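Please walk through the model shown below with an eye to its strands, its helices and the packing of its side chains. The paragraphs after it take up a few local details and set each one in its surroundings.

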Amino acid sequence: MEEALCSVGYPGGLGGARRVAFAPESRELVVEVELPGQVVVPSVAQYRFKASAPPAVVPQPRKEAETKALYRDLVARLALRAIDEAFAVTPPALVDQIAFSGKVRAKDRATGKAIEPCLVSVRVRRESFAELVLDEPELDPVASLHHLDAIVSQHPYGLEPVRPVVTFDLSRYKIAPERDVVAGLDSRPDLLAMDPTDFEHLIRRLFEKLGLKSWVTQASRDDGIDAVAVNEEPLIGGLCIIQAKRTKNVVSAETVRAVAGLVADKGASKGIVVTTAWFGKASWDFAPRNRVELIDGRHLKSLLLQQSPSPSGHPAAPH
């Protein structure tokens, strides 16, 4: 896939690196594309001939608002094109869904440090993407991304980042087709082999490391609440209901709907279902509309690796 996507011709300055990962259990292809920086938008809008002595051709600078609009449109078009190319070169029986992230390599203007903000991210199924008529001249690429429930930067020209729908180190997943979704990526024990109580404590500690300030936990019960967390961050904080499913089978859509019901019943800001396995199409379609976030097995593994404070690759065992 990487070879196929990188071999596609692009106009000068618009083609960037492509990285790909594959999750066979959910038939999902993860595509990360390097988008061009703002400098690709020409600063000159037109040239004016000045009949002076001597005659001269004077460049007319492009208005800032127009430059920003052109760059926003370009980012959206490149995202749609990359997704279309990925679907085009993969068999439907092998790839049913694509998780796309478009990032830009840049420098933080405040610190001078290298940054890589994500400007657009979306998880889309083949059948939903096929509904778009990409060759239609009146197609609005930004509106198309919103139609696909994409997360799009409100100010891409200012490099305002968004949170990717899939966040993990792609290099760790190059050998994913040869591995089980919840085992073998590092030296940690198989999550499925963990004691249920230890697994719940592991999940609680993970979310604590992700910034949740206080916890109230209760005994686990099937399709119930495994943990209640409070995010004290202004504006985006609030009560969060978490359910952890330690299984090797797909988590049912009924489970996800039950968590959405608990969110409404408890007046929570959101619900999270985290599993060692994966979710089906009905769950992915339902969750974003009902304040539920889904974390599947490979995303869970990635979060554990990212938050690990020790060489063993996982948070310290609970006391």
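Phe87 is buried, with a relative accessible area of 6%, where buried means under 20% relative accessible area, exposed means over 50%, and partly exposed covers the range in between (1.4 Å probe, protein chains only). This is a predicted model, in which local features need pLDDT of at least 70 and side-chain atom pairs count only at pLDDT 80 or more, while totals for chains, interfaces and linings use all residues. Residues are numbered from 1 along each chain as its sequence is written, and side-chain values use heavy atoms, with hydrogens and water left out.

The structure holds three aromatic pairs, a term for rings of Phe, Tyr and Trp (its six-membered ring) whose centres lie within 6.5 Å, with planes under 30 degrees apart counted as stacked, over 60 as edge-to-face and the rest as tilted. In one of these pairs, the rings of Tyr71 and Tyr157 have centres 6.1 Å apart and planes at 80 degrees, which makes the pair edge-to-face. Tyr71 belongs to helix α2 (residues 64–88) and Tyr157 to the loop between β9 and α5, so the pair ties together parts that are 86 residues apart in sequence; helices (H or I, at least four residues) and strands (E, at least two) are DSSP runs, numbered from the N terminus. Tyr71 is buried at a relative accessible area of 0%, whereas Tyr157 is partly exposed at 24%. Phe87 and Phe129 form an aromatic pair that is tilted, with 5.8 Å centre to centre and 40 degrees between the planes. Because Phe87 lies in helix α2 and Phe129 in helix α3 (residues 126–129), this pair ties together parts that are 42 residues apart in sequence.

The C-alpha atoms of Ser128 and Gln97, 31 residues apart along the chain, are separated by 9.5 Å, and Gln97 in β5 stands opposite Glu28. Strand β2 (residues 28–35) and strand β5 (residues 97–104) run parallel and are joined by eight bridges; two strands pair if DSSP finds at least two bridges between them. Five strands form an open sheet of mixed pairing in the order β1-β2-β5-β8-β9, with β1 (18–23) and β9 as the edge strands, each of which pairs on one side only.

Another parallel pairing involves strand β13 (residues 270–275) and β14, which are linked over four bridges, and here Val274 has Ile295 of β14 as its bridge partner. The chain crosses from β13 through helix α7 (residues 281–286) to β14 in a right-handed β-α-β crossover, meaning that, with the strands pointing away from the viewer, the path from the first strand over the helix to the second runs clockwise. Strand β14 (residues 292–295) is covered on both faces, with Val292 and Leu294 buried on one side and Glu293 and Ile295 buried on the other. As for helix α8 (residues 297–306), nine of its 10 residues are buried, so the helix is largely enclosed by the rest of the structure; among the buried residues are Arg298, His299 and Lys301.

Some backbone details deserve a separate look. Ala53 and Pro54 are joined by a cis peptide bond, with omega about 0 degrees, and Pro54 is placed in the loop between β3 (44–50) and β4 (56–61). Asp149, a residue other than glycine, has a positive phi near 60 degrees and is found in the loop between α4 (141–147) and β9 (151–152), where Asp149 is exposed with a relative accessible area of 59%. Leu159 also has a positive phi, of about 60 degrees, although it is not a glycine; Leu159 is found in the loop between β9 and α5 (196–209) and counts as buried at 11% relative accessibility.

The last stop is on the surface, where Tyr47, Phe49 and Val57 form a nonpolar patch with about 390 Å² of accessible area together. Val57 is found in strand β4 and counts as exposed at 57% relative accessibility. Patches are made of residues with over 30% relative accessible area and no salt bridge, like charges being joined within 9 Å and nonpolar side chains (Val, Leu, Ile, Met, Phe, Trp, Tyr) within 5 Å; a salt bridge is a side-chain nitrogen of Lys or Arg within 4 Å of a carboxyl oxygen of Asp or Glu. Accessible areas come from the Shrake-Rupley method with a 1.4 Å probe, and for residues only the protein chains shown count as cover.
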